[in-house]
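Subject: Structure handover

Hi,

Here is the model I promised to pass on. Please open it alongside this note. My findings follow below.

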Amino acid sequence: MVIKVAIIGCGAIGLRHFQSIYNQADESVNIDIFDVDKTKLESIKSVIDKENPLVQYQFNQTIDIAKNNYHVAIVATTASYRLAALDEFLTHHNVENIILEKVVFNKKEHFLAFESSHPNLLKNTYVNCNLRSTEFYMSLKNEITDKENLVSFEVQGKSWGLGCNTIHFLDLFSFLIDDVEIESMRSHVSDIVPAKRTSYVEFLGTIEGSAKNKDFVFKCESGDFELKIKINTNKNLYKFNDTSNGLLVESSNPKFNNLNIKMPFQSQMTYQVIKSLYIKDGCNLPLYEVSRDLHVQMLDAFFNEIKSENDFCNIT
(Lines give C-alpha, C1' and ligand atoms only; values in the text may rest on other atoms or scores of the structure.)
Protein backbone atom coordinates (compact mmCIF):
# COMPACT_ATOMS: atom_id res chain seq x y z
CA MET A 1 0.00 0.00 0.00
CA VAL A 2 1.11 3.55 -0.73
CA ILE A 3 1.30 6.21 1.99
CA LYS A 4 -0.41 9.32 0.60
CA VAL A 5 0.82 12.65 1.92
CA ALA A 6 -0.18 16.24 1.19
CA ILE A 7 2.06 19.22 1.96
CA ILE A 8 0.19 22.52 1.87
CA GLY A 9 2.67 25.37 1.64
CA CYS A 10 6.21 24.80 0.39
CA GLY A 11 8.19 27.60 1.97
CA ALA A 12 11.26 26.98 4.11
CA ILE A 13 9.59 24.58 6.56
CA GLY A 14 7.37 22.84 3.99
CA LEU A 15 10.50 22.17 1.95
CA ARG A 16 12.15 20.47 4.95
CA HIS A 17 9.13 18.25 5.44
CA PHE A 18 9.37 17.17 1.80
CA GLN A 19 13.12 16.67 2.08
CA SER A 20 12.72 14.28 5.01
CA ILE A 21 9.96 12.25 3.37
CA TYR A 22 11.66 11.96 -0.01
CA ASN A 23 15.16 11.18 1.21
CA GLN A 24 14.24 8.86 4.11
CA ALA A 25 11.21 6.95 2.82
CA ASP A 26 11.57 3.18 3.00
CA GLU A 27 7.93 2.55 2.09
CA SER A 28 6.05 3.61 -1.04
CA VAL A 29 4.96 7.23 -0.67
CA ASN A 30 2.98 9.56 -2.92
CA ILE A 31 3.34 13.27 -2.10
CA ASP A 32 1.09 16.05 -3.39
CA ILE A 33 2.67 19.46 -2.82
CA PHE A 34 0.43 22.53 -2.95
CA ASP A 35 1.83 26.04 -3.37
CA VAL A 36 0.75 28.94 -5.57
CA ASP A 37 4.37 29.85 -6.34
CA LYS A 38 5.55 27.65 -9.21
CA THR A 39 9.20 28.59 -8.55
CA LYS A 40 9.02 26.37 -5.46
CA LEU A 41 9.28 23.38 -7.79
CA GLU A 42 12.95 24.16 -8.35
CA SER A 43 13.48 24.41 -4.59
CA ILE A 44 11.95 20.97 -4.22
CA LYS A 45 14.35 19.47 -6.73
CA SER A 46 17.31 21.07 -4.96
CA VAL A 47 16.80 19.14 -1.69
CA ILE A 48 16.68 15.68 -3.26
CA ASP A 49 19.88 13.89 -2.26
CA LYS A 50 19.40 11.06 -4.75
CA GLU A 51 16.46 9.57 -6.61
CA ASN A 52 14.23 7.48 -4.36
CA PRO A 53 12.21 5.02 -6.49
CA LEU A 54 9.75 4.53 -3.62
CA VAL A 55 8.56 8.15 -3.77
CA GLN A 56 6.38 9.84 -6.36
CA TYR A 57 5.57 13.54 -6.03
CA GLN A 58 3.39 16.05 -7.84
CA PHE A 59 3.50 19.83 -7.60
CA ASN A 60 0.16 21.67 -7.73
CA GLN A 61 -0.53 25.40 -7.78
CA THR A 62 -4.18 24.93 -6.78
CA ILE A 63 -5.83 22.70 -4.18
CA ASP A 64 -8.86 21.82 -6.29
CA ILE A 65 -7.29 18.87 -8.08
CA ALA A 66 -9.14 15.56 -8.32
CA LYS A 67 -10.41 14.48 -4.91
CA ASN A 68 -7.92 12.42 -2.91
CA ASN A 69 -7.86 10.47 0.34
CA TYR A 70 -4.66 11.24 2.24
CA HIS A 71 -3.15 9.46 5.21
CA VAL A 72 -1.44 12.65 6.38
CA ALA A 73 -1.71 16.34 5.47
CA ILE A 74 0.99 18.77 6.64
CA VAL A 75 -0.18 22.39 6.70
CA ALA A 76 2.99 24.48 6.48
CA THR A 77 1.62 27.84 5.36
CA THR A 78 2.16 30.98 7.41
CA ALA A 79 -0.09 31.36 10.45
CA SER A 80 -2.32 34.10 9.01
CA TYR A 81 -3.28 31.99 5.99
CA ARG A 82 -3.37 28.57 7.70
CA LEU A 83 -7.08 28.40 8.51
CA ALA A 84 -8.13 29.43 4.99
CA ALA A 85 -5.72 26.92 3.43
CA LEU A 86 -6.91 24.18 5.75
CA ASP A 87 -10.59 24.88 5.06
CA GLU A 88 -10.02 24.94 1.32
CA PHE A 89 -8.05 21.70 1.42
CA LEU A 90 -10.69 19.89 3.49
CA THR A 91 -13.41 21.08 1.11
CA HIS A 92 -11.77 19.15 -1.73
CA HIS A 93 -10.05 16.22 -0.02
CA ASN A 94 -10.31 13.68 2.80
CA VAL A 95 -7.52 13.14 5.31
CA GLU A 96 -6.95 10.80 8.25
CA ASN A 97 -4.29 12.81 10.13
CA ILE A 98 -3.24 16.46 10.09
CA ILE A 99 0.04 18.05 11.20
CA LEU A 100 -0.17 21.81 11.73
CA GLU A 101 2.92 23.95 11.82
CA LYS A 102 3.38 26.34 14.68
CA VAL A 103 2.40 29.06 15.40
CA VAL A 104 -0.86 27.26 14.56
CA PHE A 105 -3.03 30.38 14.31
CA ASN A 106 -2.24 33.96 15.31
CA LYS A 107 -5.86 34.93 15.91
CA LYS A 108 -7.85 33.29 18.72
CA GLU A 109 -11.07 33.09 16.74
CA HIS A 110 -9.33 30.85 14.19
CA PHE A 111 -9.02 28.11 16.81
CA LEU A 112 -12.77 28.22 17.44
CA ALA A 113 -13.51 28.30 13.71
CA PHE A 114 -11.35 25.24 13.03
CA GLU A 115 -12.89 23.29 15.90
CA SER A 116 -16.48 24.09 14.98
CA SER A 117 -15.94 23.32 11.28
CA HIS A 118 -13.96 20.10 11.69
CA PRO A 119 -14.75 18.52 15.09
CA ASN A 120 -14.24 15.00 13.76
CA LEU A 121 -10.57 15.74 12.99
CA LEU A 122 -9.48 17.12 16.37
CA LYS A 123 -8.39 13.74 17.78
CA ASN A 124 -6.17 13.16 14.77
CA THR A 125 -4.64 16.62 14.46
CA TYR A 126 -1.13 17.25 15.78
CA VAL A 127 1.08 20.32 16.14
CA ASN A 128 4.72 20.31 15.08
CA CYS A 129 6.23 21.20 18.44
CA ASN A 130 8.85 18.52 18.04
CA LEU A 131 11.31 19.02 20.92
CA ARG A 132 9.28 16.59 23.02
CA SER A 133 9.69 13.91 20.36
CA THR A 134 13.51 13.93 20.38
CA GLU A 135 15.41 11.13 22.07
CA PHE A 136 17.32 13.56 24.30
CA TYR A 137 14.30 15.32 25.80
CA MET A 138 12.40 12.06 26.19
CA SER A 139 15.31 10.66 28.20
CA LEU A 140 15.45 13.86 30.27
CA LYS A 141 11.73 13.60 31.00
CA ASN A 142 12.15 9.99 32.14
CA GLU A 143 14.99 11.02 34.46
CA ILE A 144 13.05 13.91 35.99
CA THR A 145 9.76 12.02 36.24
CA ASP A 146 11.33 8.97 37.90
CA LYS A 147 13.77 10.61 40.30
CA GLU A 148 13.35 14.37 40.52
CA ASN A 149 10.93 17.26 40.73
CA LEU A 150 11.25 20.17 38.30
CA VAL A 151 11.37 23.54 40.06
CA SER A 152 12.15 26.08 37.34
CA PHE A 153 12.68 26.24 33.58
CA GLU A 154 14.53 29.14 31.95
CA VAL A 155 15.29 30.01 28.34
CA GLN A 156 17.44 33.03 27.58
CA GLY A 157 19.51 34.39 24.74
CA LYS A 158 19.51 36.65 21.73
CA SER A 159 17.45 36.65 18.52
CA TRP A 160 16.03 33.16 19.13
CA GLY A 161 12.46 34.19 18.29
CA LEU A 162 10.37 35.02 21.36
CA GLY A 163 7.28 35.34 19.17
CA CYS A 164 7.64 32.35 16.87
CA ASN A 165 9.49 29.92 19.16
CA THR A 166 8.03 30.48 22.64
CA ILE A 167 5.43 27.83 21.86
CA HIS A 168 8.22 25.24 21.40
CA PHE A 169 9.49 25.89 24.92
CA LEU A 170 6.03 26.12 26.46
CA ASP A 171 5.33 22.72 24.97
CA LEU A 172 8.61 21.33 26.29
CA PHE A 173 7.87 22.74 29.75
CA SER A 174 4.39 21.22 29.80
CA PHE A 175 5.81 17.90 28.52
CA LEU A 176 8.42 17.75 31.29
CA ILE A 177 5.87 18.44 34.05
CA ASP A 178 2.94 16.52 32.50
CA ASP A 179 0.61 19.50 32.65
CA VAL A 180 -0.82 21.82 30.02
CA GLU A 181 -2.71 24.07 32.46
CA ILE A 182 -0.55 27.14 32.92
CA GLU A 183 -1.80 28.93 36.03
CA SER A 184 -0.44 32.32 35.02
CA MET A 185 1.39 33.79 32.05
CA ARG A 186 2.48 37.34 31.39
CA SER A 187 4.81 39.07 28.99
CA HIS A 188 6.86 42.23 28.79
CA VAL A 189 7.66 43.24 25.23
CA SER A 190 10.57 45.66 25.14
CA ASP A 191 10.62 45.98 21.34
CA ILE A 192 8.86 44.76 18.20
CA VAL A 193 11.17 44.06 15.26
CA PRO A 194 10.70 42.69 11.72
CA ALA A 195 10.72 38.88 11.49
CA LYS A 196 12.63 36.88 8.90
CA ARG A 197 9.34 36.23 7.11
CA THR A 198 8.05 39.26 5.23
CA SER A 199 5.15 41.15 6.88
CA TYR A 200 5.52 39.35 10.23
CA VAL A 201 7.10 40.61 13.46
CA GLU A 202 9.23 39.31 16.29
CA PHE A 203 9.35 40.34 19.94
CA LEU A 204 12.19 41.19 22.27
CA GLY A 205 11.50 40.93 25.97
CA THR A 206 10.23 38.35 28.43
CA ILE A 207 7.36 35.92 28.88
CA GLU A 208 6.97 34.10 32.19
CA GLY A 209 4.51 32.08 34.21
CA SER A 210 3.96 29.03 36.37
CA ALA A 211 2.15 25.70 36.63
CA LYS A 212 1.98 23.33 39.61
CA ASN A 213 4.26 25.74 41.52
CA LYS A 214 6.90 25.32 38.84
CA ASP A 215 8.11 28.54 37.24
CA PHE A 216 9.23 29.32 33.71
CA VAL A 217 10.78 32.43 32.19
CA PHE A 218 11.83 33.02 28.56
CA LYS A 219 14.02 36.02 27.75
CA CYS A 220 15.13 37.26 24.34
CA GLU A 221 17.38 40.22 23.54
CA SER A 222 18.75 41.61 20.29
CA GLY A 223 22.13 40.57 18.94
CA ASP A 224 23.80 37.56 17.36
CA PHE A 225 21.94 34.29 17.93
CA GLU A 226 22.35 32.77 21.36
CA LEU A 227 20.12 30.22 23.11
CA LYS A 228 20.64 28.76 26.56
CA ILE A 229 18.29 26.63 28.63
CA LYS A 230 18.52 26.07 32.37
CA ILE A 231 16.38 23.57 34.27
CA ASN A 232 16.44 23.36 38.05
CA THR A 233 15.05 20.36 39.87
CA ASN A 234 14.97 19.57 43.58
CA LYS A 235 18.16 17.54 43.06
CA ASN A 236 20.04 18.78 40.00
CA LEU A 237 20.81 21.67 37.68
CA TYR A 238 20.76 21.10 33.90
CA LYS A 239 22.28 23.67 31.51
CA PHE A 240 22.02 23.47 27.72
CA ASN A 241 23.80 25.71 25.24
CA ASP A 242 22.47 25.52 21.65
CA THR A 243 25.49 25.94 19.35
CA SER A 244 26.29 25.27 15.71
CA ASN A 245 28.21 22.20 16.90
CA GLY A 246 25.32 20.73 18.86
CA LEU A 247 23.50 21.07 22.18
CA LEU A 248 26.22 21.33 24.83
CA VAL A 249 24.97 19.87 28.10
CA GLU A 250 26.30 20.42 31.61
CA SER A 251 24.65 19.05 34.74
CA SER A 252 25.21 18.11 38.36
CA ASN A 253 23.59 14.81 37.30
CA PRO A 254 26.54 12.68 36.03
CA LYS A 255 24.31 10.98 33.43
CA PHE A 256 23.71 14.35 31.73
CA ASN A 257 27.06 16.05 32.24
CA ASN A 258 29.53 17.02 29.53
CA LEU A 259 27.40 15.88 26.60
CA ASN A 260 27.28 17.15 23.03
CA ILE A 261 23.87 16.25 21.60
CA LYS A 262 23.30 16.42 17.86
CA MET A 263 19.67 17.49 17.74
CA PRO A 264 17.86 16.34 14.58
CA PHE A 265 16.81 18.83 11.92
CA GLN A 266 13.26 18.92 10.58
CA SER A 267 14.62 17.40 7.39
CA GLN A 268 15.54 14.34 9.46
CA MET A 269 12.29 14.01 11.43
CA THR A 270 9.14 14.27 9.34
CA TYR A 271 9.21 10.87 7.67
CA GLN A 272 9.43 9.07 11.01
CA VAL A 273 6.30 10.94 12.15
CA ILE A 274 4.50 10.04 8.92
CA LYS A 275 5.48 6.39 9.29
CA SER A 276 4.37 6.30 12.93
CA LEU A 277 0.97 7.76 12.03
CA TYR A 278 0.62 5.24 9.22
CA ILE A 279 1.72 2.15 11.17
CA LYS A 280 0.84 2.96 14.79
CA ASP A 281 -2.00 5.44 14.24
CA GLY A 282 -0.29 7.96 16.51
CA CYS A 283 2.96 9.88 17.03
CA ASN A 284 4.99 11.74 19.67
CA LEU A 285 3.93 15.23 18.62
CA PRO A 286 1.39 17.00 20.87
CA LEU A 287 -2.25 16.68 19.93
CA TYR A 288 -3.97 19.83 18.72
CA GLU A 289 -6.18 20.01 21.83
CA VAL A 290 -3.09 20.02 24.06
CA SER A 291 -1.23 22.62 22.01
CA ARG A 292 -4.29 24.84 21.52
CA ASP A 293 -4.47 25.67 25.23
CA LEU A 294 -0.81 26.67 25.31
CA HIS A 295 -1.20 28.72 22.11
CA VAL A 296 -4.21 30.63 23.45
CA GLN A 297 -2.56 31.42 26.77
CA MET A 298 0.59 32.58 24.98
CA LEU A 299 -1.40 34.78 22.59
CA ASP A 300 -3.32 36.30 25.50
CA ALA A 301 -0.04 37.19 27.23
CA PHE A 302 1.24 38.91 24.09
CA PHE A 303 -2.14 40.60 23.37
CA ASN A 304 -2.18 42.15 26.83
CA GLU A 305 1.24 43.64 26.27
CA ILE A 306 1.09 44.85 22.65
CA LYS A 307 -2.53 46.05 22.80
CA SER A 308 -3.38 44.24 19.59
CA GLU A 309 -6.51 45.11 17.68
CA ASN A 310 -8.99 42.29 16.99
CA ASP A 311 -6.90 39.85 19.08
CA PHE A 312 -4.45 39.49 16.20
CA CYS A 313 -0.79 38.78 16.88
CA ASN A 314 1.33 39.09 13.74
CA ILE A 315 3.67 36.15 14.43
CA THR A 316 4.08 32.88 12.55
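Two strands count as paired if DSSP finds at least two bridges between them. Helices (H or I, at least four residues) and strands (E, at least two) are DSSP runs, numbered from the N terminus. This is a predicted model: local features need pLDDT of at least 70, side-chain atom pairs count only at pLDDT 80 or more, and totals for chains, interfaces and linings use all residues. Residues are numbered from 1 along each chain as its sequence is written, and side-chain values use heavy atoms, with hydrogens and water left out.

**Overall**

The protein has eight helices and 14 strands. Its radius of gyration, taken over C-alpha atoms, is 20 Å. The globule rule (2.2 Å times the number of residues to the power 0.38) gives 20 Å for 316 residues, so the protein is as compact as a globular protein of that length. The C-alpha atoms fill a box of roughly 55 × 45 × 40 Å along the principal axes. Of the 316 residues, 52% are buried, meaning under 20% relative accessible area; exposed is over 50%, and partly exposed is in between (1.4 Å probe, protein chains only). Take the contacts (heavy atoms within 4.5 Å) with a separation of 6 or more: 74% of them join residues 24 or more positions apart.

**The sheet**

Eight strands make an open sheet with mixed pairing. The order is β8-β9-β10-β7-β11-β12-β13-β14. At the edges are β8 (184–194) and β14 (259–261), each pairing on one side only. Neighbouring strands are turned by 15 degrees against each other on average, direction ignored. Axes are lines fitted to C-alpha atoms, for helices over the stretch in contact; angles run from 0 to 180 degrees between N-to-C directions.

Follow the strands from β7. β7 (residues 150–158) pairs antiparallel with β11 (residues 226–233) over eight bridges. Here Glu154 stands opposite Lys230 in β11. Two helices pack on this sheet. Helix α6 (residues 162–177) touches β7, β8, β9 (201–211), β10 (214–221) and β11, and its direction makes about 20 degrees with that of β9. Helix α8 (residues 288–306) touches β8 and β9, at about 60 degrees to the direction of β8.

Next come two hairpins. β11 and β12 (residues 237–243) are antiparallel over five bridges, with three residues between them. Asn232 has Leu237 of β12 as its bridge partner. β12 then runs antiparallel to β13 (residues 246–251), joined by six bridges. Two residues separate β12 and β13. Thr243 is bridged to Gly246 in β13.

**The cores**

A nonpolar core is a set of buried Ala, Val, Leu, Ile, Met, Phe, Trp, Tyr and Cys residues joined through side-chain atoms within 4.5 Å. The largest has 70 residues. Phe89, Phe153, Phe218, Ile231, Phe240 and Met298 have the most contacts inside it. Helix α6 supplies the largest share, nine residues. Beyond its neighbours within four places in sequence, Phe153 is in contact with residues including Phe169, Phe173, Phe218 and Ile231. A second, separate core of 26 residues includes Phe18, Ala25, Ile33 and Val273.

**One buried Asn**

Asn106 is in the loop between β5 (94–100) and α4 (108–117). It is buried, with a relative accessible area of 0%. A polar atom of the Asn106 side chain lies 3.0 Å from the backbone oxygen of Ile315.

Best wishes

Note on methods. Polar contact = N/O pair within 3.5 Å; in protein donor to acceptor, adjacent residues only side chain to side chain.
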